[in-house]
Amino acid sequence: MTDADFSPDGAQVLTGGYDRTARLWEAATGKHLVTCLGHADAVVSVAWSPDGRQIAYASDTHGNTDVFIVAAEGGPSRRLTTHSAPERPIAFTPDGKEVLFSAQRMDARASLLFPSGGTPRWGLAFGQDKFTPSDTTRRIPDPNDRPYAAWLYGALSLVSYTPHEYGSL
């Protein structure tokens, strides 16, 4: 499992995984309800919309981690981001019309887009990631397979909210 998020009513838990799926679970019992996504790569981040009708997630389907959106009951996904830097959904706006996402961009021009006159919001985030060999039951690791690896990371953000746009510095 790479990420988890409770549904707005708290009845279900959505998980993303290295097995290229997102799965819905009953929160009270842990019973698996449905596998709702199948992708070409891991589903590394998930978020519910406030009304519970949409799911945002990130996957490395097109050569970099992009943000996608799909109806909670399933169906075709819509790609929201296309930048070459990795992006991950954080949350939906309270009205459910926009998805806030983090991006590992180092474009100096992007910082010029920070809107003035907005309400500043600071953020602090910590996370972890790991890779394991595809066959974890082997006693002797396959030298041609990916190695065991894990890391922790943190981020500090400053975001300005105006009624018309989000920007980041």
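## The hairpin of strands 2 and 3

Let's start at a turn: strand 2 and strand 3 form a hairpin with four residues between them, and Arg20 in that turn has a positive phi of about 70 degrees. The model is a predicted one, so please read every value here as computed from predicted coordinates. Strand 2 covers residues 12-16, while strand 3 covers residues 21-26. The two run antiparallel and are joined by five bridges. One of the pairs to look for is Leu14, whose bridge partner in strand 3 is Leu24.

As a reminder, most residues other than glycine have a negative phi. Arg20 sits in the loop between strand 2 and strand 3, and its relative accessible area of 44% makes it partly exposed.

## Asp9 and its loop

Asp9 is found between strand 1 (3-6) and strand 2. Is Asp9 buried or exposed? With a relative accessible area of 64%, Asp9 is exposed, because the cut-off for that class is over 50%.

The side chain of Asp9 has two polar partners to inspect. One is the side chain of Ser7, in a polar contact of 2.6 Å. The other is the backbone nitrogen of Ala11, which lies 2.9 Å from a polar atom of the Asp9 side chain.

Four strands form an open sheet in the order 5-6-7-8, with antiparallel pairing. Its edges are strand 5 (43-48) and strand 8, each of which pairs on one side only.

Strand 7 spans residues 66-71, and five of its six residues are buried, so the rest of the structure largely encloses this strand. On one side, strand 7 pairs with strand 6 (residues 54-59) in the antiparallel sense over six bridges. Within this pairing, Ile55 has Val70 of strand 7 as its bridge partner. Strand 7 also pairs with strand 8 (residues 78-79), again antiparallel, over two bridges. Here the bridge partner of Phe68 is Arg79 in strand 8.

## Two glycine turns

Which residues take a positive phi in the hairpins on either side of strand 7? In the hairpin of strand 6 and strand 7, which has six residues between the strands, the residue is Gly63, with a positive phi near 95 degrees. The hairpin of strand 7 and strand 8 also has six residues between its strands, and Gly74 in its turn shows a positive phi of about 105 degrees.

Finally, let's look at Ser45, a residue of strand 5. Strand 5 is one of the edge strands of the sheet, and Ser45 is buried, with a relative accessible area of 6%. That value counts as buried because the cut-off is under 20%.

What does Ser45 touch, leaving aside residues up to four places away in sequence? Its contacts are Thr2, Asp3, Ala56, Tyr57, Ala58, Arg88 and Pro89. Asp3 is also a polar partner: a polar contact of 3.5 Å joins the side chains of Ser45 and Asp3.

Technical notes. Residues numbered from 1 in each chain as written. Predicted model: local features only at pLDDT ≥ 70, side-chain atom pairs only at ≥ 80, totals over all residues. Heavy atoms only, no water. Buried < 20%, exposed > 50% of the residue type's maximum accessible area, 1.4 Å probe, protein only. Pairing = 2+ DSSP bridges. Polar contact = N/O pair within 3.5 Å; in protein donor to acceptor, adjacent residues only side chain to side chain. Contact = heavy atoms within 4.5 Å.
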